[in-house]
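Biologist: Could you walk me through this model before I set anything up with it? I would like the overall picture and then the local details.

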Amino acid sequence: TRIHVKIVDAASSRYEVPESVFPRPSANPNVSPESAAIQFNYSTSPFSFTIYRTTSHEILFSTASHPLIFEPQFLRVKTSLPSDANVYGLGEHTNPFRLPTENTTLTLWSRDAPGIPVGTNLYGNHPVYLEHRTTGTHGVFLLNSNGMDIKLTNNGETALEYNVIGGVLDFYFLAGSTTDPTEVARQYAEIVGTPAEVPYWSFGFHQCRFGYKDFVNVADVISNYSAAGIPLETMWTDIDYMDGRKIFTVDPSYFPLNRMRDIVDFLHSHNQKYILMTDPAVAFTPGEDYGTFNRGTELDVWLKAANGSDSLGLVWPGVTVFPDWFHPNISEFWNNEFALFYNPATGIDIDGVWIDMNEPSSFCNLPCDDPFQQAIEQDLPPARTSPPPDPNAPIFINSTNKSKRDVLSPPYAINNAAGPLSSKTAFVDSKHANGLVEYDVHNLYGTMMSMATHEAMLARRPGLKTLVITRSTFAGAGHKVGKWLGDNLSTWDHYRKSIAGMLGFASIYQLPMVGSDICGFGGDTTETLCGRWAMLGAFYPFMRNHHDNTATSQEFYIWASVTQAAKNVIDIRYRLLDYIYTAFHQAHLDGTPVLHPLWYKYPKDTATYPIDLQFFYGDSILVSPVTDENSTSVTFYLPHDIFYDFDTLAPVQGQGSMVTLTNVSFTQIPLHIKGGAVLPLRAQSAMTTTDLRNHDFDFVVAPGTDGTALGMLYIDDGVSVTPASQTTLKLSFENGKLNVQGEFGFASGVKASRVRFLGVSKVPESVQVNQNSVSKAQFTYDAMNKILDVIVGLDLTAPFSVQYS
């Protein structure tokens with residue numbers, strides 16, 4: 001199902017993505033070319049090649065009539081596409097999910113991108129695309145970390161063109177499938193790795209902002225969520241806690257260590273969690289008593305300028321150095337800083353990590369020949385604007401490259417929105433300890449920081465799953481970390497675009513622990529926008545409210561309507577938490593997507609191909625949010641299939657047409673269950689995920705058009721990398737009978753409370769649990785919504801069946 005095509009320079013060696021960053025997949029030696037799903041063919045003069053399907057001879061990728069260019073700093077490959085091609089991926093960007101094929105340029109070069117502007121390069125780089133046709137779905141991955149423009153054009157013919165400024169052409173062509181689009185996602189996972197499993201608690205609700213002024217402010221937010229009755233799983237704090245915005249420090253007046261430890265102790269005693277921001281840039285403080293800089297200098301782990309001195313930048317603490325993630329001492333340095341600052345006994349006992357600014361970002365304007373003067377001009381670090389609190393204030397009272405390349409100004413200028421390659425980042429002529437030049441590995445910086453941070457968390461908490469949320473990523477980052485979609489704005493447009501951004505990472509790039517800043521990061525939100533966003537955000541795998549220090553407060557409890565919206569939708573999210581946790585486990589096993597665009601489920605329905613305002617949460621929950629400002633109606637597509645309203649559980653027959661719902665209140669979001677699913681739902685929600693795990697299960701059986709349904713349930717301790725025991729169940733329904741079978745290894749301590757059969761046309765004559773008839777008092781029938789509820793009440797420790805006739 002995979003062909004690897006690698007074009008190198010026979011005369012000299014060139015930079016390639018290091019194996020240490022991106023381990024190469026092994027080939028299957030037992031597959032003969034004749035039995036492969038796709039084939040490779042080439043011509044020598046002029047050189048061109050073609051990838052095509054074995055059975056149908058359908059051409060998937062062809063450079064015929066498009067000359068290949070292979071210069072040291074300019075590589076071009078161009079392929080023809082079908083007219084009006086359905087191309088997805090090539091992120092990170094805020095373009096539509098289905099990419100426009102006329103004059104679209106997608107630039108891959110990591111950049112700090114405030115406001116995530118459409119049509120520009122953003123934080124991460126994923127040079128992979130899926131192309132979907134009615135005849136099947138295939139994928140193309142270019143393993144190259146150099147800057148590049150990928151152009152979709154329609155000048156007489158539709159084409160896709162790579163313009164790369166270094167490295168080699170290292171292509172992986174994925175056959176995908178002629179029937180199941182998710183197969184290509186699993187094949188891509190074989191190359192980049194399956195997504196990381198994350199702790200059960202990480203699917204709870206997270207609250208953050210840039211601008212919490214002191215420890216009292218942070219504690220008050222925690223108390224206010226509790227008072228409002230809104231579940232808060234994890235409290236986050238941005239760089240505000242730092243002393244002069246230096247990483248691995250706390251401000252002794254505004255966030256004193258003993259009071260920060262009080263906050264963590266309070267959260268942990270209430271089964272809640274705490275996360276802090278950690279940036280890569282380290283304040284340049286020679287001769288000062290800043291331990292992180294001094295220890296890093298002693299180990300010589302800083303990125304070096306072309307002349308061999310420390311490469312300087314300008315970030316939040318002022319003039320900075322950047323860790324060199326290729327340095328042999330980097331793990332010793334980074335693990336030690338984590339062990340010291342985040343020490344459970346003497347430091348801040350965080351539960352996860354948030355890493356940012358790792359493109360890497362720099363505020364220094366080119367030519368940046370005097371970053372010290374620019375630090376003064378930009379007021380970095382900025383002074384506090386409020387007096388410090390009483391340190392005893394009560395809280396919680398209520399609750400080496402030898403080529404002569406021009407790396408600073410290469411002959412081909414990619415469409416970098418920041419301008420020259422070194423603009424607003426580390427100088428691209430900087431050198432790493434292993435001799436590599438930043439020009440080649442710039443796009444790997446965030447992922448390498450992610451890998452190092454993941455390992456640092458494992459070192460300080462051995463055996464426990466990590467939650468690391470990063471901004472900058474490269475292909476394969478999802479094997480270690482999650483991702484938030486960066487510094488968005490509090491606008492309806494960014495609310496809508498968040499869906500396409502999320503689908504790119506969760507359904508294509510194998511990085512499913514993803515979400516946008518709910519209610520928007522930059523600018524002031526509104527009550528209705530925040531309410532709608534709270535409900536949409538509950539169906540981001542990573543659900544966090546976060547906003548800027550200059551914006552008005554937007555915690556959910558600020559408005560009564562948003563409070564109610566949040567309570568309603570977190571109730572749904574938490575009852576579905578084991579369903580999505582199971583989906584993440586399956587993704588970790590084989591790369592099956594956690595979220596699905598509609599065309600993944602309906603690959604022959606051409607109407608689904610451009611849809612990016614709806615999606616499937618997990619395998620079976622269709623999410624169709626209201627997307628217009630101040631509207632109480634939504635028009636969405638319902639494929640030709642049987643669905644069930646998630647609220648009433650009544651059957652809804654899709655006709656393959658647009659459907660309009662009116663009177664959708666500002667505390668509701670339209671949800672439908674796709675027929676053919678058995679959903680494991682907690683019988684009720686809770687204020688924390690720890691309490692949630694004590695609640696019993698309901699099993700909701702939603703038959704498909706053929707009268708059958710399938711589902712899965714995976715349970716473990718929720719925190720261990722290698723659980724001591726686990727429960728893995730197959731849920732199958734056919735001919736009026738639900739069978740729950742599998743491995744019951746984990747002692748969950750809960751019951752199968754009831755089974756809810758949907759689409760039951762009439763009251764049954766007989767209901768049986770484990771082939772024993774039950775009394776009429778044990779089941780009820782709702783004729784209006786066609787629901788049969790059966791009380792089961794069995795411990796979830798052994799197989800069981802429930803049937804009706």
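Predicted model: local features only at pLDDT ≥ 70, side-chain atom pairs only at ≥ 80, totals over all residues.

Biologist: How many helices and strands does the protein have?

Modeller: The secondary structure comes to 14 helices and 44 strands, where helices (H or I, at least four residues) and strands (E, at least two) are DSSP runs numbered from the N terminus. The radius of gyration is 27 Å, close to the 28 Å that the globule rule gives for 805 residues, so the protein is as compact as a globular protein of that length. That radius is taken over C-alpha atoms, and the globule rule is 2.2 Å times the number of residues to the power 0.38.

Biologist: And what does the C-alpha trace span along its principal axes?

Modeller: The span is about 85 × 80 × 50 Å. Buried residues make up 62% of the 805 residues, with buried meaning under 20% relative accessible area, exposed over 50% and partly exposed in between (1.4 Å probe, protein chains only). The protein exposes about 28500 Å², of which carbon and sulfur atoms supply 50%; these areas come from the Shrake-Rupley method with a 1.4 Å probe, and for residues only the protein chains shown count as cover.

Biologist: Switching to sheets, in what order do the nine strands of the open sheet come?

Modeller: The order is S23-S22-S21-S20-S16-S15-S14-S25-S24, and the pairing is parallel; two strands pair if DSSP finds at least two bridges between them. At the edges are strand S23 (514–515) and strand S24 (517–518), each of which pairs on one side only. Within the sheet, strand S20 (residues 352–355) is joined to strand S21 (residues 468–470) by two bridges, and Trp 354 stands opposite Ile 469 in S21.

Biologist: Is strand S13 buried or exposed?

Modeller: Nine of the nine residues of strand S13 (residues 169–177) are buried, so this strand is largely enclosed by the rest of the structure. Leu 169, Phe 171, Phe 173, Ala 175 and Ser 177 point one way, whereas Asp 170, Tyr 172, Leu 174 and Gly 176 point the other way.

Biologist: Which strands pair with S13?

Modeller: Strand S1 (residues 2–7) pairs with S13 in the antiparallel sense over six bridges, with Leu 169 as the bridge partner of Ile 7. Strand S10 (residues 136–142) also runs antiparallel to S13 and is joined to it by five bridges, and there Leu 142 stands opposite Phe 171.

Biologist: What about helix H8, how far does it reach?

Modeller: Helix H8 (residues 445–460) has 16 residues and reaches 23 Å from its first C-alpha to its last, close to the 22 Å expected at 1.5 Å a residue; the expected span is 1.5 Å times one less than the number of residues. Twelve of the 16 residues of H8 are buried, which leaves the helix mostly covered, and among them are Tyr 445, His 454 and Arg 460.

Biologist: Where are the cis peptide bonds?

Modeller: One joins Ser 45 and Pro 46, with omega about -5 degrees, and Pro 46 sits in the loop between S2 and S3. Those two strands form a hairpin with two residues between them, and strand S2 (residues 38–44) pairs with strand S3 (residues 47–53) in the antiparallel sense over seven bridges. Another cis bond joins Leu 380 and Pro 381, also with omega about -5 degrees, and Pro 381 is in the loop between helix H6 (371–377) and helix H7 (438–441).

Biologist: Which residues have a positive phi although they are not glycine?

Modeller: Phe 248 has a phi of about 60 degrees and lies in the loop between strand S15 (234–237) and helix H3 (257–269), where it is buried with a relative accessible area of 8%. Leu 649 has a phi of about 70 degrees, is placed in the loop between strand S30 (642–645) and strand S31 (651–653), and is buried at 6%. Most residues other than glycine have a negative phi, and most peptide bonds are trans.

Terms used. Residues numbered from 1 in each chain as written. Heavy atoms only, no water.
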